[in-house]
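Me: I would like to learn how to read a model like this one, feature by feature. Can we take it from the whole chain down to single residues?

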Amino acid sequence: KKLYGWLWSACAPQLQDWLEDPALQEALVAGMVSKTPLGAEQREVALWACHVVARASREHPRNAAAFIQAGAIVASSTLMENHAVDVEMHLAVATMLGYMAQCVS
C-alpha cells in the first residue's frame with residue numbers, strides 16, 4: 001500500500017525505473033494470485049499488488065511489457081474469476097489493463 005502511494009509522489013519516475021527489476025515484477029505478479037481461496041489478507045495483497053503493477057506501468061512502456069511478460073494478464077484473469085462480484089478488484093484490474101494497453105499498443 002505504501003509503495004502504491006509512492007508511485008503517486010514526485011519520486012514516481014525513479015520508482016518506476018527501480019521496478020524494472022524482473023525479480024520485483026515477478027513478486028508483484030505472484031502477489032496477485034493464489035492457488036488457494038483468498039481470505040481477507042490475501043485479497044488485500046492481491047488488490048495492492050494489482051494497484052502497484054498498474055501505476056508502475058502507467059506511461060512506462062518497459063514496465064508494461066515486462067509485467068505482461070511476467071504474467072500480469074493471466075493473473076488479472078484469475079483475479080477476476082476469484083473475485084467475480086468484487087467491484088474494487090475489477091476496477092483495479094481494469095485500470096492495470098488500461099495503463100498497459102496505452103503503453104504497448
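**Reading the chain**

Reply: Start with burial: 39% of the 105 residues of the chain count as buried, where buried means under 20% relative accessible area, exposed over 50% and partly exposed in between (1.4 Å probe, protein chains only). This is a predicted model, in which local features need pLDDT of at least 70, side-chain atom pairs count only at pLDDT 80 or more, and totals for chains, interfaces and linings use all residues. Residues are numbered from 1 along each chain as its sequence is written, and side-chain values use heavy atoms, with hydrogens and water left out.

Me: How many helices and strands are in the chain?

Reply: Helices (H or I, at least four residues) and strands (E, at least two) are DSSP runs, numbered from the N terminus. Here there are 7 helices and 0 strands.

Me: What does the radius of gyration say about the chain?

Reply: The radius is taken over C-alpha atoms, and the globule rule is 2.2 Å times the number of residues to the power 0.38. For 105 residues a compact globule would have a radius near 13 Å, and the chain has 13 Å, so the two agree. The C-alpha atoms fill a box of roughly 35 × 30 × 25 Å along the principal axes.

Me: What span should helix 4 have?

Reply: The expected span of a helix is 1.5 Å times one less than its number of residues. Helix 4 (residues 40-57) has 18 residues and should span 26 Å; its end C-alpha atoms are 26 Å apart, which agrees. Of those 18 residues, 13 are buried, so helix 4 is mostly covered.

Me: Which residues is M80 in contact with, leaving aside its neighbours within four places in sequence?

Reply: Contact means heavy atoms within 4.5 Å. With those neighbours left aside, M80 is in contact with H90 and V93. M80 lies in helix 6 (residues 72-82) and is partly exposed, with a relative accessible area of 31%.

Me: How far apart are M80 and Q42 in sequence and in space?

Reply: M80 and Q42 are 38 residues apart in sequence and 14 Å apart in space, C-alpha to C-alpha. For the chain, among contacts between residues at least 6 apart in sequence, 71% join residues at least 24 apart.
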